[in-house]
Amino acid sequence: MEGRPREERALVLAAQGGDTRAYEALVRAHQEIAFRVAYVITRNAADAEDAAQEGFFKAWRALGRFRPDEPLRPWLLRIVANEARNRRRSAGRREHLAVRAAASPGEAAPSPEEATVGADERRRLLDELERLPEQARLVLACRYLLELSEEETAAALGVRRGTVKSRSARGLARLREAHESRA
Amino acid sequence: MNLERELQLLAAEIAWPPTPELASRVASVLASQRGVASPRGIAWRRHVALRHAPGRRPLVLAVALLLVALGAAFAVPESRGAILRFLHLGGVTIERVDQLPPAQERPLGADIGRIVSRRVAQQALGQPPLLPPLDPLPPLHLEGEDFVSLVFLDHGEPVQLSELGHTDEGIFKKLVVGATSTRFVDVDGAQGIWLTGARHVFAFPHVPPRLAGNVLIWQRGRLTLRLEGRRLTLDHALGVAHSLRRAKM
């Protein structure tokens, strides 16, 4: 359970006993990543918010069946991502990821390595990622933009880890091809 | 070009939408569901139900109740925390939708099921129904397996009281549009939801939806209650809620 807070198991056990405060702490710890996973899937902030909220309610109702020794995050992400897929709109209201505005003067200067990829270049890379087929876009967004592990990506996308590996490799190849063809 | 490295650098530059504060919302709604078992209890009850009631269709599928709200000139609070897209209270799930089904103007007592005795109502709810102190008492109706209703006058206006005997599943589903005001209220120390400000559409499966009025939803023990009236005010609704007593069998 890499990176898992020690107290998470205790919070899970307390929540399983009906402690809503403990569950609130668990939701707070995971709400950002849950919302972003839902946003990547729905491409709509309102839908993502609904999906994450509903997912947390469903997770509460299912918490009695969760094994406290297992990592909670993949389990939560699986539930929220399922809700997000159910809410994905068939047409319209799709939003696109964007790159943040240039760093303000108070922020740390980019490293030389970061500086090699300028703001325009990053926007172009993100545009190319957004134009990939859905399966490739989702797996690369989960693995690289959300920095999910293979296990978490598999849970969020409802596929096996091997599928995550193969889709990642194919997605990277397509992205590289698109990137280099525009260079 | 190290594409993976560039993607990792890109991750730090993404302008994600602000993460909504879900934890306090979720906790607030869960804390309001007094009488609802802990997750462990829910899982245990489901296990028992599956073992001892094979073949019984899930109650969730038995009754679906839609409540939708109409109205354009209605103030919607700016905070999404004030109006949630999804709310849960007892057996009720309220979901905001973008489009509403067509509805007819029909009486409150239309399509609320067959008239039943108090004993049948008790069997359906799993406990005696909560009733207003009226003599004579209007007839009780049963729709589906466990949705008990009665219609009576409050302050000269017809209101419909409906009761559901299960609180831990989304038995009811209520759909509202953004034009509806949805707020939490205190109902005798328990949390309730007051839906008002726009015309509503109320429908059972296979029954034509009808326009309806203001609605108070709350819980008492394992009962989920719903009070509806076209000109119902919150004060009057809270008065009715406070007056309810267990039926004498």
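Strands (E, at least two residues) and helices (H or I, at least four) are DSSP runs, numbered from the N terminus.

A word on what you are looking at: this is a predicted model, in which local features need pLDDT of at least 70 and side-chain atom pairs count only at pLDDT 80 or more, while totals for chains, interfaces and linings use all residues. Residues are numbered from 1 along each chain as its sequence is written, and chains are lettered from A and ligands numbered from 1 in the order in which they are written.

**Around S14 of chain B**

Back to S14(B), which is covered on both faces. On one side sit the buried B:Asn214, B:Leu216, B:Trp218 and B:Arg220, and on the other B:Val215, B:Ile217 and B:Gln219, buried as well. Which strands does S14(B) pair with? Strands S11(B) and S15(B), as the table shows. Two strands count as a pair if DSSP finds at least two bridges between them.

| Strand pair | Sense | Bridges |
|---|---|---|
| S10(B) and S11(B) | antiparallel | seven bridges |
| S11(B) and S14(B) | antiparallel | four bridges |
| S14(B) and S15(B) | antiparallel | seven bridges |

B:Ile193 has B:Ile217 in S14(B) as its bridge partner, and B:Val215 has B:Glu228 in S15(B). B:Val187 stands opposite B:Ala190 in S11(B). S14(B) and S15(B) form a hairpin with two residues between the strands, and there B:Gly221 takes a positive phi near 60 degrees.

**The whole sheet**

Zoom out and these strands belong to an open sheet of eight, ordered S4-S6-S7-S8-S15-S14-S11-S10 in chain B, with antiparallel pairing. Strand S4 (114-116) and strand S10 (181-187) of chain B stand at the edges with a single partner strand each, so one side of each has no neighbour in the sheet. On average, neighbouring strands are turned by 30 degrees against each other, direction ignored. Angles run from 0 to 180 degrees between N-to-C directions, and axes are lines fitted to C-alpha atoms, for helices over the stretch in contact. Helix H5 (residues 118-125) of chain B packs on this sheet, touching S4, S6, S7, S8 and S15 of chain B, and its direction makes about 40 degrees with that of S6(B). Contact between two residues means that their C-beta atoms, placed from the backbone, lie within 7 Å.

Chain B as a whole has six helices and 16 strands, and 39% of its 249 residues count as buried.

**Over to chain A**

How many residues of chain A are in contact with chain B? There are 46, facing 34 residues of chain B. Helices H1 (3-11), H2 (22-32) and H3 (39-52) and strand S2 (86-89) of chain B each supply at least two residues of that chain's side.

In chain A itself, helix H7 (residues 134-145) has nine of its twelve residues buried, so it is largely enclosed by the rest of the structure. Among the buried ones are A:Leu138, A:Cys142 and A:Tyr144. They pack against H2, H6 (119-130), H8 and H9 (161-182) of chain A, together with H1 of chain B.

One residue of H8(A) to look at is A:Ala155. Is A:Ala155 buried or exposed? It counts as buried because it has 26 C-beta neighbours inside 10 Å. Leaving aside neighbours within four places in sequence, A:Ala155 is in contact with A:Pro74, A:Leu77 and A:Arg78. A:Ala155 and A:Ile79 are 76 residues apart in sequence, yet 8.7 Å apart in space, C-alpha to C-alpha.

Key
Buried ≥ 20, exposed ≤ 12 C-beta atoms within 10 Å, placed from the backbone.
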